[in-house]
Amino acid sequence: MNLFLKILRLLPPEIAHKIALDLLSLSHRLGILSFIFRKPNDENCSFAGMNLRNRLGTAAGLDKNGDYIDCLGALGFGFLEVGTVTPMPQYGNPKPRVFRNFNENSIINRLGFNNGGVDRLIKNLRTRSFEGILGVNVGANKNSKGDERINDYLHCIEKVHKYADYITVNVSSPNTPNLRNLQSDENLVDLVTKVDKLVNKQKIKIPLFLKISPDESNTIIEHIIEIVKNSSFSGIVATNTTIDKSSLSNIKYKSIEGGLSGEPLMKKSTKIIKMIDLKADKKIPIIGVGGVMNKEDYLEKISSGAGLVQIYSGFVLKGPKIVSQILQN
């Protein structure tokens with residue numbers, strides 16, 4: 001397996017990502033996945049009204065179109081989050097747009113919500129055999145402006161809520177121009193108010209989460225907490241990638257545009273989790289994500305206030321074995 005990972009490191013990041021997941025899918029269909037990767041024992045837990053086999057899941061971005069739900073689920077994750085999905089298919093930003101910094105266990109991406117559109121995702125949601133908890137991360141198309149952008153979220157929520165166990169509204173990607181402006185007080189109130197109306201109209205019962213940036217001020221985070229408290233949203237996903245590259249020691253990567261994930265994000269994202277947990281008096285369910293590379297990181301997220309934990313860069317850089325390593329007793 002280590003040799004396989006070394007070979008993948010020689011390939012362009014997006015090609016390596018697809019090959020790795022395609023091989024994982026093939027292994028699952030052939031019935032040999034369980035012989036390659038040991039599935040961890042179930043721990044069973046509850047979170048925001050959902051019952052899960054354990055607290056570890058995939059972050060959005062790993063499986064944007066839901067093409068690999070069944071094989072990822074077979075690895076023993078307690079839940080999966082697919083997306084980010086937008087109403088219309090889009091290519092995303094120009095390549096190259098993913099940069100792996102192996103020496104610092106980090107990835108910089110400026111993908112820009114590349115995905116096949118919500119209708120393609122729904123086809124995969126309908127035909128999945130994975131019975132675990134499945135969340136869908138929704139976003140806005142790059143060319144949408146103003147109210148169109150909010151309507152994109154509403155469109156996706158309306159389309160996917162029948163096929164998902166929870167929905168994450170992603171207002172924090174740094175790779176779609178001006179998307180993070182939706183986190184400002186006035187814009188977020190507008191978005192949340194319209195989501196509330198849709199939830200009531202459609203009688204949507206599943207939990208909704210708001211995914212936030214690690215780069216906002218304490219004041220903005222406090223405003224977000226209050227808005228979530230007084231809305232149909234159940235909780236917060238903390239956090240997305242950071243545009244702050246100051247923690248990197250390799251100067252080569254400091255000037256690359258895009259969101260930084262992986263080990264350098266761990267402290268920053270965990271600090272946000274602690275703040276939310278404290279300011280919300282432990283009353284807002286938190287999904288923690290950002291920099292989880294091992295069991296110690298996973299446990300630190302939980303002890304800081306996260307009820308569930310997601311991985312992305314750790315899975316990409318260390319391979320599927322990280323699942324059983326984190327969840328081993």
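Student: Is Phe77 buried or exposed?

Tutor: This is a predicted model, and the classes rest on computed areas. A residue counts as buried when its relative accessible area is under 20%. Phe77 has a relative accessible area of 0%, so Phe77 is buried.

Student: With which residue does Phe77 form an aromatic pair, and how are the planes arranged?

Tutor: Two rings pair if their centres lie within 6.5 Å, and the angle between the planes then gives the class. The partner of Phe77 is Phe315: the centres are 6.0 Å apart and the planes stand at 45°, a tilted pair. Phe77 belongs to the loop between α4 (69–73) and β4 (79–85), whereas Phe315 belongs to helix α12 (residues 313–318), so the pair ties together parts that are 238 residues apart in sequence. Phe315 is buried as well, with a relative accessible area of 6%.

Student: How many aromatic pairs does the rule give?

Tutor: The count is four aromatic pairs. One of them joins Phe47 and Phe209, whose ring centres are 5.9 Å apart with planes at 10°, so this pair is stacked. Phe47 is in strand β1 (residues 45–47) and Phe209 in strand β9 (residues 208–212), so the contact ties together parts 162 residues apart in sequence. Phe47 is buried at 7% relative accessible area, and Phe209 is buried at 0%.

Student: Which charged residue sits over the ring of Tyr91?

Tutor: For such a case one considers the distance of the charged end from the ring centre, together with its direction relative to the ring normal. The charged end of Arg97 sits over the ring of Tyr91, at 4.7 Å from the ring centre.

Student: Let us turn to salt bridges. How many does the structure hold?

Tutor: There are eleven salt bridges. In one of them, Lys159 is bonded to Asp119, with the closest N and O atoms 2.8 Å apart. Lys159 lies in helix α6 and Asp119 in helix α5, so this bridge ties together parts that are 40 residues apart in sequence. Lys159 is partly exposed at 30% relative accessibility, and Asp119 is partly exposed at 44%.

Student: Which helices hold Lys279 and Glu222?

Tutor: Lys279 forms a salt bridge with Glu222, the closest N and O atoms being 3.5 Å apart. Lys279 is in helix α10 (residues 266–279) and Glu222 in helix α8 (residues 218–229), so parts 57 residues apart in sequence are tied together. The relative accessible area of Lys279 is 42%, which places this residue in the partly exposed class. Glu222, at 33%, also counts as partly exposed.

Student: What are the accessibility classes of Lys282 and Asp277?

Tutor: These two residues form a salt bridge in which the closest N and O atoms are 2.9 Å apart. Lys282 is exposed, with a relative accessible area of 65%, whereas Asp277 is buried, with 11%. Elsewhere, salt bridges link Asp147, Asp190 and Lys194 in a network.

Student: Which residues make the nonpolar surface patch?

Tutor: The patch covers about 740 Å² and is made by Ile15, Ile19, Leu23, Leu26, Leu30, Ile32, Phe35 and Ile36. Helices α2 (13–30) and α3 (33–36) each supply at least two of its residues, and α2 gives the most, with five. Leu26 is in helix α2. A patch member must have over 30% relative accessible area; Leu26 has 36% and is partly exposed.

Student: Where is Gly112 placed, and which residues does Gly112 contact?

Tutor: Gly112 is in the loop between β6 (106–109) and α5 (118–127), and is buried at 6% relative accessible area. Setting aside neighbours within four places in sequence, its contacts are Gln90, Gly92, Asn93, Asn175 and Thr176. The C-alpha atoms of Gly112 and Asn175 are separated by 4.9 Å, although the two residues are 63 residues apart along the chain.

Student: Is Asn141 buried or exposed?

Tutor: Asn141 counts as buried, at 8% relative accessibility. Asn141 is placed in the loop between β7 (133–138) and α6 (147–160). Beyond its neighbours within four places in sequence, Asn141 is in contact with Thr86, Pro87, Met88, Gln90, Arg149 and Asp152.

Key
Residues are numbered from 1 along each chain as its sequence is written. This is a predicted model: local features need pLDDT of at least 70, side-chain atom pairs count only at pLDDT 80 or more; totals for chains, interfaces and linings use all residues. Side-chain values use heavy atoms; hydrogens and water are left out. Rings of Phe, Tyr and Trp (its six-membered ring) pair if their centres lie within 6.5 Å; planes under 30 degrees apart count as stacked, over 60 as edge-to-face and the rest as tilted. Helices (H or I, at least four residues) and strands (E, at least two) are DSSP runs, numbered from the N terminus. Buried means under 20% relative accessible area, exposed over 50%, partly exposed in between (1.4 Å probe, protein chains only). A charge sits over a ring if NZ of Lys or CZ of Arg is within 6 Å of the ring centre and within 35 degrees of the ring normal. Contact means heavy atoms within 4.5 Å. Patches are made of residues with over 30% relative accessible area and no salt bridge: like charges are joined within 9 Å, nonpolar side chains (Val, Leu, Ile, Met, Phe, Trp, Tyr) within 5 Å. Accessible areas come from the Shrake-Rupley method with a 1.4 Å probe; for residues, only the protein chains shown count as cover. A salt bridge is a side-chain nitrogen of Lys or Arg within 4 Å of a carboxyl oxygen of Asp or Glu.
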